[in-house]
There are 2 protein chains.
Amino acid sequence: MVATTIKKHNFSAGPAILPQNVFQEAAQAVLDFNGIGMSILEISHRSKDFEAVMAEAEALVREIGGFDDSYAVLFLSGGASTQFFMAPMNLLGEQEKAAYVDTGTWSSKAIKEAKLFGNVEVLASSKADNYNYIPKEYSVPKDAVYLHLTSNNTIFGTQYQAFPDSPVPIVCDMSSDMFSRPFEANKFGLIYAGAQKNIGPAGVTLVIVKKEWIGRAGRKLPSMLDYSIHLEGESMYNTPPVFPIYVMMLTLRWIKETGGLKMVEQHNQAKAKLLYDEIDNNPCFKGTAAREDRSLMNACFLPTNPDYEATFLDTCKKADISGLKGHRSVGGFRASIYNAMPMESVEVLVEVMKDFAQKNG
Amino acid sequence: MVATTIKKHNFSAGPAILPQNVFQEAAQAVLDFNGIGMSILEISHRSKDFEAVMAEAEALVREIGGFDDSYAVLFLSGGASTQFFMAPMNLLGEQEKAAYVDTGTWSSKAIKEAKLFGNVEVLASSKADNYNYIPKEYSVPKDAVYLHLTSNNTIFGTQYQAFPDSPVPIVCDMSSDMFSRPFEANKFGLIYAGAQKNIGPAGVTLVIVKKEWIGRAGRKLPSMLDYSIHLEGESMYNTPPVFPIYVMMLTLRWIKETGGLKMVEQHNQAKAKLLYDEIDNNPCFKGTAAREDRSLMNACFLPTNPDYEATFLDTCKKADISGLKGHRSVGGFRASIYNAMPMESVEVLVEVMKDFAQKNG
């Protein structure tokens, strides 16, 4: 067996594993934040200690992702599900058109919400194949305001290996692979990501949007739904989710200290290679996603014999492997191996898979 | 001096002090939740451990507040500021009318947002007197869908001592005095409260709404803005703010263990009496709010000599008293003494006020 000091190997699809030192520092801050004699849970969001957290979080997002001052960096609540409608509400005029690619459950929801605010053209969909690949054969209409993509599809284990060339800016839901690899910032007009996979805990959503785009739809909006209000208020128009933002800041610090997105990507590639190699070579399992579109974040695989399903999950449980059950839309197993997942845990999983094949294969 | 083991006496208006045992338990859960070998920050919201938290939080809200099954209990994000528009969006038809009483900054914002969705009649306002009292001379039109009130006004230190008789259900922003005293549940059609004063940390909003009211406006809404979607999804239509909900649950447990709302109210009355008596008797200070409307949560007071302002804040700082600076709309000082504020901290403040008067009065 791989020697390990980890209590549980957490392959949950999200909320998901965060770096161990983030847990330590976050717990300390709940007891006494910055040595000020108060908990992070009881301090004013207008205190200088928390204003420093917000400033550092924004600076880290800009540094890690390469976003210059032409982008607004906002920390909002409501999850990606709120951005599904807030993006078109702010960006898409009622007579205008937006282009969407349908690569899974979350894309479909984004499409449904966008239809409330303008014309939506679905350029391609892999729905007929249970979303097991990323469509590539389509052209993006030049008269669309934006092209909407879901960069990684948590449920189906697919991911854009490269973003398509587009004549219009991309609006991208990066909830499940944000800051897991380098990307060209200037291809994007808007990026949004619920924090609870790679960049923090549940309860805060990162929104990065071209400042010149804010307000372009010209709608009269409730204040909390208006990007311009949040930009003006520096994400403190109302009381922000203080603790989730703090933990996101700690996680971003860890990404920077790890060496930034290049190093994070190398680590993610190595983990994914180890796991997918085992899936491909092990007679008890088979992958579900098209090889060229396989996600570095979520590896979905089925047992080659339906009897294996319960027994393998049981074996995993005994090895302190948690969160491996696949989503009901795909079945089988799903190993989510986000940024903070250590190689050690993937090694344990692969070893358990090998053992399982020896006993059952 | 009052002997104290408290590191800082936190009079912050919000986010605000929570019970010390809540900080202890929350910190432990960040390291290892329920002894499962994982942090509360990394577990799935669909795990049985977190589903138990949600169920207990809902049960505690119903038990503490006396809300029967005709009410939906929702845990949402976006703060009270989101409810300012979400309530009328869900409840008020475009041709219908809602009645509002303007008792401060937050009431005004609620009025502004409601106007986007229907007719708003402002029955009374204390704005001309810098909101230093709660208007009582008005009659509520029978054809209004609801009467909107802000039960406690954090900035101005006023609070409804009794809710008015109303021919229509009350919609109430209880953000700053939720569960600080008993109230008649069935007077209310909807109650909303950002958690970060009496019932938890920033990042979750409690919404309690008559089920029969949900959907009455008949608007086609984005999913995340539709109470019916959140009711159906049991506040898990999307990933909820896991940690803030957990800390709210711990805080609700503490309220129950303290003896429920009657005991909490007694404690709050005793603290407020001690403080207001000192404000009234001390020659260096004077209260700003009308006596009959004084808040049990936020005591606002001014120095009788402008020179005292900086020196008194400095004296407080040396006594480890934090968060006493008044809001810019009123100036002077504001002592927020929410549920979790111990009598001991109020005693320390009062002693410092007495000392200050001896030296300066």
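This is a predicted model: local features need pLDDT of at least 70, side-chain atom pairs count only at pLDDT 80 or more; totals for chains, interfaces and linings use all residues.
Hi everyone, thanks for coming. Let me begin with how the two chains sit together.

Now the contact between the chains. On the B side, 49 residues are in contact with 49 residues of chain A. Which elements of chain B give two or more residues to that side? They are α1, α3 (79-91) and α6 (242-258) of chain B. The largest share comes from α1(B), with 5 residues. And 100% of the interface residues of chain B are also interface residues in chain A, so the copies meet through the same surface.

Seven strands make an open sheet with mixed pairing, in the order β2-β10-β9-β8-β5-β3-β4. At the edges are β2 (71-76) and β4 (119-125) of chain A, each of which pairs on one side only. From one strand to the next, the twist averages 15°.

Two helices to point out here. Helix α2 of chain A, residues 48-65, packs on the sheet and touches β2 and β10 (205-210) of chain A, and its direction makes about 130° with that of β2(A). Helix α3 of chain A, residues 79-91, also packs on the sheet, where it touches β3 (97-102), β5 (144-150), β8, β9 and β10 of chain A. The direction of α3(A) makes about 155° with that of β9(A).

Let's zoom in on β9, this time in chain B. How many of the residues of β9(B) are buried? The count is 7 of the 7, so the strand is largely enclosed by the rest of the structure. With β8(B), β9(B) runs parallel, and 4 bridges join the two. With β10 of chain B, residues 205-210, β9(B) runs antiparallel, joined by 5 bridges. One residue lets you see both pairings: L190(B) in β9(B) stands opposite V171(B), and the bridge partner of L190(B) in β10(B) is V209(B).

The peptide bond between G14(A) and P15(A) is cis, with omega about -10°. P15(A) is in the loop between β1 (9-10) and α1 (20-31) of chain A. Chain B has a cis bond from G14(B) to P15(B), with omega near -10°, and P15(B) is in the loop between β1 and α1 of chain B.

In chain B, F179(B) has a phi near 55° and sits in the loop between β8 and β9 of chain B. F179(B) is buried, with 25 other C-beta atoms within 10 Å.

Last stop: helix α7 of chain A, residues 260-281. Its 22 residues reach 32 Å from the first C-alpha to the last, close to the 32 Å expected at 1.5 Å a residue. The buried residues of α7(A) include L261(A), V264(A), N268(A), A272(A), L275(A) and I279(A). Look down the axis of α7(A) and the buried residues fall within an arc of 135°, so they line one face of the helix. A reminder on helices: there are 3.6 residues a turn, so residues three or four places apart point the same way.

What do those buried residues of α7(A) pack against? Their partners are α2, α6, β11 (285-287), β12 (298-303), β14 (333-336) and α9 (343-360) of chain A. The face of α7(A) turned away from the buried side carries exposed residues, among them K262(A), Q269(A), K273(A) and D277(A).

That's my tour, and I'm happy to take questions.

How values were computed
Residues are numbered from 1 along each chain as its sequence is written. Chains are lettered from A and ligands numbered from 1 in the order in which they are written. Two residues are in contact if their C-beta atoms, placed from the backbone, lie within 7 Å. Two strands pair if DSSP finds at least two bridges between them. Axes are lines fitted to C-alpha atoms, for helices over the stretch in contact, and angles run from 0 to 180 degrees between N-to-C directions. A residue is buried if 20 or more other C-beta atoms lie within 10 Å of its own, exposed if 12 or fewer, and partly exposed in between; C-beta atoms are placed from the backbone. The expected span of a helix is 1.5 Å times one less than its number of residues. The arc is that of the directions from the helix axis to the C-beta atoms.
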